[in-house]
Amino acid sequence: MRRLGSPATRAAVAGIRRRPRQTLLIGLAVLVATVFAAGTVLFSGTMRDALLADSARTPPGASFVVDRPDDATGAGALAARLAEVPGVSAVVPAQEGELPVTVRGTTGQWRIGTDPATGPMSVRPAPEQGHAPGPGEVLLSTATAERTGLAVGDALSVSGRPYTVGGISSHGPDGGDGLLLSPADAVAFGPDLYYGSRVDVAGTPDRDALEAAAAGARVRTADEAREAEISSVSGSVTSVLAALSVFVGLALVSAAVVVGSTFRIVLGRRGRELAMLRCVGASRGQVTRSVLAEAGITGLVAGVVGAAVATGAAYAALAVMRASGTDVPALALSPGGLAGCVLLAVVATVVAALPPALAAGRVPPVVALGAADSTEAHAPRARRRMPVVAVLLASAAGIGALGASVGDSLVGLALVALSGLVAFAALVLVGPYLVAGAAALVRPLVARSGPARLAVANARRVSRRTAATTTVLALGVGLTAALLVGIDGATADARASIDRNYPSEVMVLPSSPSSSLEDPAARRAAADALAARLGERPELRVRTGATAILVDAAPGTDPMAARTAVAEATDGSGGSVIWTADTRASTEETFTIVRAVGGGLVGVTLVVAVLGVGVTLALSVAERTREIALLRALGLTRSGARGSVAAEAALAGAVGAVVGVLLGGAYGALGLQAVDMSVSAPPVGQLLVLGGGVVLVAVLASTASMRRAGRVAPATGLAGG
């Protein structure tokens, strides 16, 4: 029977079957990166569907959409003209804006919208409580009802007009307190509801007749309006996907570096096996293709498993959120996107394995007669690398300086990011010399510790291998350090901005009739009247600014008493009250969320890097089994063998942490300059914790290797001798 596949593929499959654990170690980093990439695809698709559902404004029953012309007549007059066009079966004016709403004596600015909340001309589902708003009724969002304590049947007023709560819906207006009016009631407010005004038209009218009745307003078919909404949402999702793709790319780069280093170690151990293949007639090309086929199969398995893990985790996360009562959309599966992630995993693995595969093809048959177990016990040639490193560093410095001075924030950040990539390329080339230098620097400090001396000597002997792990660690640490420095600087800049723009504990923005918004005298009169009311309260100290009333609590006044005084003095005025403390707390919360999200995204690269440390040390211990056994025979204890592995991991972690913190801190400051923010003192404490944490995690990642090294028996070395 004819055997399927090429000789290279059969050899690769046979090698994987003989060494499944080795294949697992090689593919682990790729698997993690694929999980991240597939998760990004699933998240983006689900977010797109959710945003499209939330932002849909064109009802299913509409056939045309007419935008309101830019005048002060409101949507009512336009809707009346359109209703008279032959073929029109229904018109629904849609208006949005902000109006003063009074609930139990307290007045505030609420977001107002319109929607029938039922039937084919509505974009919202039926309310969970009550019914769709009719004349004199409103529909509240669930969040608004919970904050205000309102229930179906309760009374409130909008701009002094009485209304009753007709229904409560989880799909009510977003963004703070808000309510929905019936379209007929909304028309009565005229131009006061000016955001996004339009008229949805149902029926089969002639477009030319509609355009004539619209009197200059834009007329679109419902399909054109929906396409515009989809395009808007797709643009937002594309921006998010582009930002996430940067981190996916960094994770894949890290995984590729780990895979390349791992293949070098594995093929170094298999030098005699490869030479034997050459002895029995295998050509260089066949050996190279066999290694690349093994890499492709490894990447394929890791990619498929990673995509499956990401899909399962996404389903589980959504199920947990639904169980907790959170309204979440259905998972948007993208077979094409997941297949692309698997293909990306295969390509990244094969590309990473290409240099080791080419080196494997150059193994001469005579090696089969020797006993070489490793091909990495030498440093790369400095004469070839250092000129390239110098050019890369000079380029990185020039690009970074241009990014900090270009004047455009987006272009500046892009140039700074490009500079960082060039600097990382230089770090990859100079890594072995950094490791050797660090080992030489540490050597006098560990002269009295046998295990530490062994770790330092091994790091110098295989500096190229150690550098592969330290450069990936440096990338992850550098990204995290840049994030910490950037967010710390942005937070300091935001705090300074709040101090400048909010010179008091409370700012009150007086309201005036919409007809007098352009009248400075009317605005000043409204401000003076409200300032006088506030000044009557002994708990407050009031002064008038250029555009707002500045209020501070009187000395010794309880903060809650001051809040009550401000609320009572502004009740019924329709003025907007801004609490500086709330603004500051909201800003801090925003930066906390950004720090958490950014840390999670960057953390994937760190996870890949730490896996690289564990994988490299595991293969290193397996390669040095005979050496460790001979050292045991010469008196090295089990704890000494374990300590040697731990010290090697700590050295790799320390080099990666120091280089990453220094580079990341510098690029974080450069990024702040690129967006025209002042550079403050770096968060030294956070950076020290980051560096120390990376060293600790690197040591923990070597736990399995430490145990294996401690179990090596001295007889193993004697038997191999």
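Guide: Happy to. Let's start where α13 passes α19, in a right-handed crossing. Keep in mind as we go that this is a predicted model. The axes of these two helices come within 8 Å and cross at roughly 50°. That angle makes α13 oblique to α19. On the α13 side, the residues that take part are Pro-451, Ala-452, Leu-454, Ala-455, Asn-458 and Ala-459. They meet Gly-640, Gly-643, Ser-644, Ala-647, Glu-648 and Leu-651 in α19. Sorted by class, this contact has seven nonpolar, four polar and one charged residues.

Now let's follow α13 to another neighbour. Helix α13 covers residues 450-461, and its axis comes within 8 Å of the axis of α12, with a crossing of roughly 155°. That makes α12 roughly antiparallel to α13, because angles over 145 degrees are counted that way. Here the crossing is left-handed. From α12, the contact draws on Val-435, Ala-436, Ala-439, Ala-440 and Val-442. From α13, it draws on Val-456, Ala-459 and Arg-460. Seven of the residues in this contact are nonpolar, none is polar and one is charged. If you have Ala-459 on your screen, keep it there: it belongs to the contact of α13 with α12, and it also takes part in the contact of α13 with α19.

With those helices placed, we can turn to the cavities. The structure holds two of 30 Å³ or more. The largest cavity has a volume of about 70 Å³. To find its lining, select Val-462, Arg-465, Thr-466 and Thr-469, then Val-613, Thr-616, Leu-617 and Ser-620, and finally Glu-648, Ala-649 and Ala-652. Three helices, α14 (463-501), α17 (580-623) and α19 (638-674), each supply at least two residues of that lining. Of the helices, α17 gives the most, with four residues. By class, the lining of the largest cavity divides into five nonpolar, four polar and two charged residues. You have already come across one of its residues: Glu-648 lines the largest cavity, and Glu-648 of α19 is also part of the contact with α13.

The second largest cavity has a volume of about 30 Å³. Around this cavity you will find Leu-427, Gly-431 and Leu-434, together with Thr-470, Thr-471 and Ala-474, and then Val-655 and Val-659. The helices that each supply at least two residues of this lining are α12 (409-442), α14 and α19. Its residues divide into five nonpolar, three polar and no charged, whereas the lining of the largest cavity includes two charged residues.

Terms used. Residues are numbered from 1 along each chain as its sequence is written. This is a predicted model: local features need pLDDT of at least 70, side-chain atom pairs count only at pLDDT 80 or more; totals for chains, interfaces and linings use all residues. Side-chain values use heavy atoms; hydrogens and water are left out. On a 1 Å grid over the protein atoms alone, a cavity is a set of points where a 1.4 Å probe fits but cannot get out, and a pocket is an open set with protein on both sides within 12 Å along at least five of seven lines; lining residues have an atom within 4 Å of a point. Grid points are joined across faces, edges and corners, and a volume is the space filled by probe spheres set on the points. Ala, Val, Leu, Ile, Met, Phe, Trp, Tyr, Cys and Pro count as nonpolar, Asp, Glu, Lys and Arg as charged, and the others, Gly among them, as polar. Axes are lines fitted to C-alpha atoms, for helices over the stretch in contact, and angles run from 0 to 180 degrees between N-to-C directions. Angles under 35 degrees count as roughly parallel, over 145 as roughly antiparallel, 65 to 115 as roughly perpendicular and the rest as oblique. A crossing is left-handed if the near helix is turned anticlockwise from the far one by less than a right angle, and right-handed if clockwise. Contact means heavy atoms within 4.5 Å.
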